[in-house]
Amino acid sequence: MRAPDSDLPLVLKDARIVARDVTILDRITLTVSTGSPTVVIGPNGSGKTTLLRAAMGIIPLTSGDIIWGGREPAAPRRHAIVFQRPAMLRRSAAANVRYALAAAGVPRAERHERAAELLRLVGLEKLAGRPAKRLSGGEQQRLALARALARDPTVLFLDEPTASLDPYATKAIEDIVSAVSAQGVKVVMSTHDLGQAKRLAGEVVLLHRGRLVENTPAPDFFVNPRTEEARKFIAGELLV
Amino acid sequence: MTGDLSALDLVLTGNPTLFAIVRLSLLVSLCAVVFAGLIGVPVGALLALTRFRGREAVIVIINALMGLPPVVAGLAVFLLLSRSGPLGSWGLLFTPQAMVIAQTVLVAPIIAALTRQTIEDLSVEYRDELKAMDVGPMRRVMTLIWDARFSLITALLAGFGRAAAEVGAIIIVGGNIEGFTRTMTTAIALETSKGDLPLAIGLGMVLITIIILINALAWGMRRAGEHYLG
């Protein structure tokens, strides 16, 4: 991977999404800058997935603005996302990565080698020829990561990438995330796993019922939460 | 029983009359499936991937046409091609070409409906990933068709099965003329009514064998799809 020329900060201004009269995101104002991973946490239904999809441009805002590096997000080309349940294209693992490389405009002559590199990065080089749909859940997540990295992203959104994975598969994903982050890719990741947030986060964003409750550096968040909701969430109490 | 043995003889000895009928039947059905595929696959893909006013009504009509009675399709094509019909000047009535048109009318809705369902399901599954990868509309369509190829070939085989087994439409527009428009199904109907059972049974055996082969091929396609694509 080459060093990214970041188009951060990502700024959300009064971002609001309403679907069928239900407010999913409620006037979120947030700035995401370069640096260590930003981890979005919160209980189920708090708006984590919607926030990431909106930032990626997959879901339009009902109102408010998303601004990348001071510009309107006409065509953010070097952002990538890994979904919680990524869809595997009906082809081999290597062909999935080559497809992503082709979609990212990588010349045909370079795709084979780049795909092999990316599969090595996520530890799937031995499964390159296997149909992607026949990989295990953890392997599919790693393949989705390789596909996302094929875009050579400056910002990588990860939507609960380890939900429903066992500890071994979770560690494999976290190791890749740490390695990618260390190379300068900005990782914005959602999770409801506090332990994972502690391990990976440089900054924590807590959402509850579509509202931004807290946005602070990780050490402050875990040691000295500013809000009652954050304190309860850290203490493992139910946020309802 | 004697009739059965004679029928088997006709098949095993390669009776020229019987095999001329089989050849014409396969040719007509194959041509019909090719034309129906050329119409049905793009129409199905278009319906799967576009939204327009009246789309659901079109889907309902195409689904309903899957059950179109062959005699009705035959009658419609007959009226179209008859001397006083809008295409009467083409002089196609009672020719193999007319039979191809009739079978195309029967098979195209089947292929369009199955294509629509297959592509739509796959499109829902792939939608977010392709959007996240900034895949343009043309590449998206090609990706969906390529990744659904085994299911689409199965749809074509289903269409071929329908065409090969059909009698009502082609007997109306083909006329069942010996050596010219007589196919397996129309010959079976005629020979049975004449009491010439050996030829009818022989053709029936060939027809059933073909239908079994088509289904085996469709099954093989499904298995190949699972094996190679997961």
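Helix α5(B) is mostly covered, since 26 of its 37 residues are buried. A residue counts as buried if 20 or more other C-beta atoms lie within 10 Å of its own, as exposed if 12 or fewer do, and as partly exposed in between, with C-beta atoms placed from the backbone. Helices (H or I, at least four residues) and strands (E, at least two) are DSSP runs, numbered from the N terminus.

This is a predicted model, in which local features need pLDDT of at least 70 and side-chain atom pairs count only at pLDDT 80 or more, while totals for chains, interfaces and linings use all residues. Residues are numbered from 1 along each chain as its sequence is written, and chains are lettered from A and ligands numbered from 1 in the order in which they are written.

At 1.5 Å a residue, the 37 residues of α5(B) should span 54 Å, and its end C-alpha atoms are 50 Å apart, which agrees. The expected span is 1.5 Å times one less than the number of residues. α5(B) also has a kink of about 55°, centred on Y126(B); the bend at a residue is the angle between axes fitted to the seven residues ending there and the seven starting there. After α5(B) comes D134(B), with a positive phi near 60°.

The largest nonpolar core has 130 residues. Such a core is a set of buried Ala, Val, Leu, Ile, Met, Phe, Trp, Tyr and Cys residues joined through C-beta atoms within 7 Å. Its largest share, 19 residues, comes from helix α5 (residues 96-132) of chain B. V97(A) is among the residues with the most contacts inside the core. Apart from neighbours within four places in sequence, V97(A) is in contact with residues including A115(A), L118(A) and A146(A). Two residues are in contact if their C-beta atoms, placed from the backbone, lie within 7 Å.

Between the chains, 17 residues of chain A are in contact with 13 residues of chain B. On chain A, β5 (79-82) and α2 (93-103) each supply at least two residues of the touching side. That side has twelve nonpolar, no polar and five charged residues. Here Ala, Val, Leu, Ile, Met, Phe, Trp, Tyr, Cys and Pro count as nonpolar, Asp, Glu, Lys and Arg as charged, and the others, Gly among them, as polar.

| Residue | Phi | Other C-beta atoms within 10 Å |
|---|---|---|
| D14(A) | near 50° | D14(A): 13, partly exposed |
| E160(A) | about 40° | E160(A): 23, buried |

D14(A) is in strand β1 (residues 10-19), whereas E160(A) is in the loop between β6 (155-159) and α5 (167-182) of chain A.
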